[in-house]
Amino acid sequence: MRAAYSAIFYLIIPFILLRLLWRGIKAPDYRLRWRERLACYDRKYPQDVVWFHAVSVGEAEAVFPLVRRLQVQFPQIKCLITTTTPTGSARVRAVLGQTVEHVYLPYDTPGAVGRFMRCFKPVLAVIMETEIWPNLFAGCGENDIALYVINARLSEKSARGYQKIPGLIYPVLANVKQIAAQTQEDAERFIAIGAKTEQVTTIGNIKFDLEIPEEVIFEGKQLKTTLFDGRFVWLAASTHSGEEQIFLDVYKQLKPSIPGLLLIIVPRHPERFSEVGLLCNQNLLAVVTRTSKQPCNLDTDIYLADTMGELKMLYAAADVAFVGGSMVPVGGHNLLEASAIGVPVLFGPYMANFKEIAHKVLAHNAAIQCHDNNAIVKAIGQLYLDVDYRNLLIDNGKLFVEMNRGAIDKLCEMLAGEIRL
């Protein structure tokens with residue numbers, strides 16, 4: 001069945017490349033380094049690498065502490081990180097710099113996978129979350145590469161889809177040495193789609209083990225004091241198309257009762273920065289962009305964060321944060337950064353990607369879920385007036401994160417035995 005899958009993949013590659021070109025109209029980085037996606041490299045890279053794959057920004061941020069820990073424990077290792085998106089690539093370079101190699105993950109064809117394996121000769125493969133690629137996994141098996149899927153999660157919908165193609169999935173999962181699942185439910189779903197019981201263990205979510213440097217907190221507090229002049233700051237983080245208008249409407253409703261309100265919008269994708277700025281102007285709201293380096297005055301309504309990699313710092317500058325991707329059916333984004341930094345967290349009804357975390361954070365009274373515009377207005381209004389309630393959410397959020405740390409320790413112990421120096 002893998003042969004049929006590969007044939008289909010070869011057939012659709014021209015269309016995938018055309019899609020890259022199309023996406024490159026708004027985000028030029030998609031047009032760059034496209035040969036890497038075919039595993040055609042223009043220079044020689046180190047071999048015998050420890051290879052980590054993180055799809056985009058969220059997965060990359062989560063894996064950075066693990067990479068750093070292993071680099072300290074094994075200073076001689078050569079690390080490779082692959083991503084799929086340019087934003088993920090940019091974060092790898094910004095955070096880890098030249099301490100790791102980075103290329104885009106090759107397309108899942110036998111030819112590209114073979115070239116990738118010959119170029120880097122990985123000694124260990126560590127795949128984040130839900131990336132199951134038949135030829136890539138088979139390439140690890142054929143080259144005797146220990147393959148781990150870590151922070152693994154599998155939704156009910158995805159599990160049902162995989163169960164329909166057992167002839168493809170069963171042999172693929174046979175190449176995996178260990179699946180380190182986030183929750184027991186995830187572990188059971190991996191077993192249901194063909195993983196053996198002894199292949200699967202539950203270690204928790206490494207996103208709880210995030211690192212928040214003190215200087216990031218300090219910079220955020222300084223930003224609030226200087227640039228924002230101590231105003232009540234509402235941060236809308238990682239927003240998607242359709243969400244910004246919701247937040248702008250809520251802002252207009254809140255402004256009469258919170259005259260000092262300032263809304264920071266952080267779009268998830270950089271290609272949408274100008275689009276969001278235009279939307280704010282169309283709503284007759286005064287905008288200051290991060291890249292303009294201009295201060296906000298009393299008439300400023302919106303501070304548009306048109307930069308990458310500064311979300312943690314902006315959380316530290318906020319009085320309340322709404323985590324986006326959750327007011328439209330995207331599936332939500334990571335709540336834990338905001339909680340760890342110490343800002344009250346709000347999120348919307350669409351949290352499929354963080355279902356377990358959303359359920360637990362609500363059970364611990366460490367966040368507020370808002371199902372519509374009116375609920376957001378009510379929640380922010382309450383947090384503005386009730387400082388004690390605001391502090392309660394902050395304290396509960398920090399405690400919730402702290403209680404669930406420890407997955408990276410378990411992973412380091414698990415992976416250390418595979419690193420051959």
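Q: Hi! How many disulfides does a search of the whole structure find?
A: Zero, taking a disulfide as a pair of cysteine sulfur atoms within 2.5 Å. This is a predicted model, in which local features need pLDDT of at least 70 and side-chain atom pairs count only at pLDDT 80 or more, while totals for chains, interfaces and linings use all residues. Residues are numbered from 1 along each chain as its sequence is written, and side-chain values use heavy atoms, with hydrogens and water left out.

Q: Is C79 buried or exposed?
A: C79 counts as buried, with 3% relative accessibility. Buried means under 20% relative accessible area, exposed means over 50%, and partly exposed is in between, using a 1.4 Å probe and protein chains only.

Q: And C412, buried or exposed?
A: C412 is buried too, at a relative accessible area of 5%.

Q: Switching to the sheet: what is the order of its seven strands?
A: The order is 3-2-1-4-5-6-7, in an open sheet with parallel pairing. Two strands pair if DSSP finds at least two bridges between them. Strands (E, at least two residues) and helices (H or I, at least four) are DSSP runs, numbered from the N terminus.

Q: Which are the edge strands?
A: Strand 3 (101-104) and strand 7 (200-202), each of which pairs on one side only.

Q: How are neighbouring strands turned against each other?
A: On average by 20 degrees, direction ignored. For angles, axes are lines fitted to C-alpha atoms, for helices over the stretch in contact, and the angles run from 0 to 180 degrees between N-to-C directions.

Q: How many bridges pair strand 5 and strand 6?
A: Three, in the parallel sense, between residues 146-152 of strand 5 and residues 178-181 of strand 6. There, A152 has A181 in strand 6 as its bridge partner.

Q: Which strands does helix 5 lie across?
A: Helix 5 (residues 134-142) lies across strand 1 (50-53), strand 4 (124-128) and strand 5, and runs at about 135 degrees to strand 5.

Q: On to charges. How many salt bridges are there?
A: The count comes to 20, where a salt bridge is a side-chain nitrogen of Lys or Arg within 4 Å of a carboxyl oxygen of Asp or Glu. One of them joins the side chains of D409 and R69, at 2.7 Å from N to O.

Q: Where do D409 and R69 sit in the chain?
A: D409 is in helix 17 (residues 407-416) and R69 is in helix 2 (residues 57-73), so this pair links distant parts of the chain, 340 residues apart. D409 is partly exposed at 46% relative accessibility, and R69 is partly exposed at 37%.

Q: What does E156 form a salt bridge with?
A: With R189, the closest N and O atoms being 3.5 Å apart. Because E156 lies in helix 6 (residues 156-163) and R189 in helix 8 (residues 184-192), the pair ties together parts 33 residues apart in sequence.

Q: And which residue meets K177?
A: E418, in a salt bridge of 2.5 Å from N to O. K177 lies in the loop between helix 7 (166-173) and strand 6, and E418 in the segment after helix 17, so they tie together parts 241 residues apart in sequence. K177 is partly exposed at 46% relative accessible area, whereas E418 is buried at 9%.

How values were computed. Contact means heavy atoms within 4.5 Å.
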